Amino acid sequence: HHTATQVDIAEKKVLEVGSGRGGGASYIQRYLKTSSLTGIDISESAIQLCKTSHKIEGLDFVKGDSENIPFLNDGFDVVLNVESSHCYGNIEGFLSETYRVLKPKGFFLWADFRTRNEMEKLFKKFSKSNLSLIREKNITTNVIMALNELSKNRKEKIENHIPKIFQSVFMSYAGIKGSDVYKSFTEKKFVYKSATLQKIK
């Protein structure tokens, strides 16, 4: 919600790159009233799950690569990317593709985490891209607060549904309080930011 509401996306044509299991895309389409939202993910199984789990008017899911987005130029008002870009091998390629598929004056809405050094490098890549940085915000404190709120419920679900041998991996992935990922935020090894960029030309 935070990332998608950096600009008004109501009645806009939106592309989410890295849509995962589709929960974020479903939420946005239901509550933020875009004209359409297309989610792409490199995982075929994730796309199939999304298609069966989120049958909502105006919402679609397509298999696609962040560095080779399967759509024509100037097709979207907004490109959304949440906690996905840290997995990409070629950020410059992704930014170039984002620019290509955005309409003139379109927005790129982004949020993700990195080590402090990697975050600094990423924003230098933002500045060298054809997209103009409009806004950035450090939301690490907000993320820690959210993890504190979610930890108890997540921990119970992992303990009840995941084999014990895999529980520690799931705990870390979920950012459970006390996990390595959680400590990386509280010890300021990781920083979490959001940003708004725009295709000016």
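1. The crossing of H3 and H4 is right-handed; a crossing counts as right-handed if the near helix is turned clockwise from the far one by less than a right angle, and left-handed if anticlockwise. Ile 91, Glu 92 and Leu 95 of H3 make the contact with Leu 122, Lys 125 and Phe 126 of H4. Contact means heavy atoms within 4.5 Å. By class, the contact has 4 nonpolar, no polar and 2 charged residues. In that scheme Ala, Val, Leu, Ile, Met, Phe, Trp, Tyr, Cys and Pro are nonpolar, Asp, Glu, Lys and Arg are charged, and the others, Gly among them, are polar.

2. Basis of the note. The model is predicted: local features need pLDDT of at least 70 and side-chain atom pairs pLDDT 80 or more, while totals for chains, interfaces and linings use all residues. Residues are numbered from 1 along each chain as its sequence is written, and side-chain values use heavy atoms, with hydrogens and water left out.

3. Geometry of the helix pair. H3 (residues 91-101) and H4 (residues 116-128) pack at about 40°, with axes 10 Å apart. Axes are lines fitted to C-alpha atoms, for helices over the stretch in contact; angles run from 0 to 180 degrees between N-to-C directions. H3 and H4 are therefore oblique to each other. The cut-offs: under 35 degrees is roughly parallel, over 145 roughly antiparallel, 65 to 115 roughly perpendicular, and the rest oblique.

4. Inventory. The protein has 7 helices and 7 strands. Helices (H or I, at least four residues) and strands (E, at least two) are DSSP runs, numbered from the N terminus. Along the sequence the pattern reads β-α-β-α-β-β-α-β-α-β-α-α-α-β.

5. The sheet. An open sheet of 7 strands runs in the order E3-E2-E1-E4-E5-E7-E6, with mixed pairing. Two strands pair if DSSP finds at least two bridges between them. E3 (59-63) and E6 (132-138) stand at the edges with a single partner strand each, so one side of each has no neighbour in the sheet. The twist averages 15° from one strand to the next.

6. One pairing in detail. E1 (residues 13-17) and E4 (residues 76-82) pair in the parallel sense over 3 bridges. Val 14 stands opposite Val 78 in E4.

7. Helices on the sheet. H2 (residues 44-53) lies across E2 (36-41) and E3, at about 160° to E3. H3 lies across E1, E4 and E5 (102-115), at about 155° to E5.

8. Overall dimensions. The C-alpha trace spans about 50 × 40 × 30 Å along its principal axes. With 201 residues, a compact globule would have a radius of gyration near 17 Å; the protein has 17 Å, which agrees. That radius is taken over C-alpha atoms, and the globule rule is 2.2 Å times the number of residues to the power 0.38.
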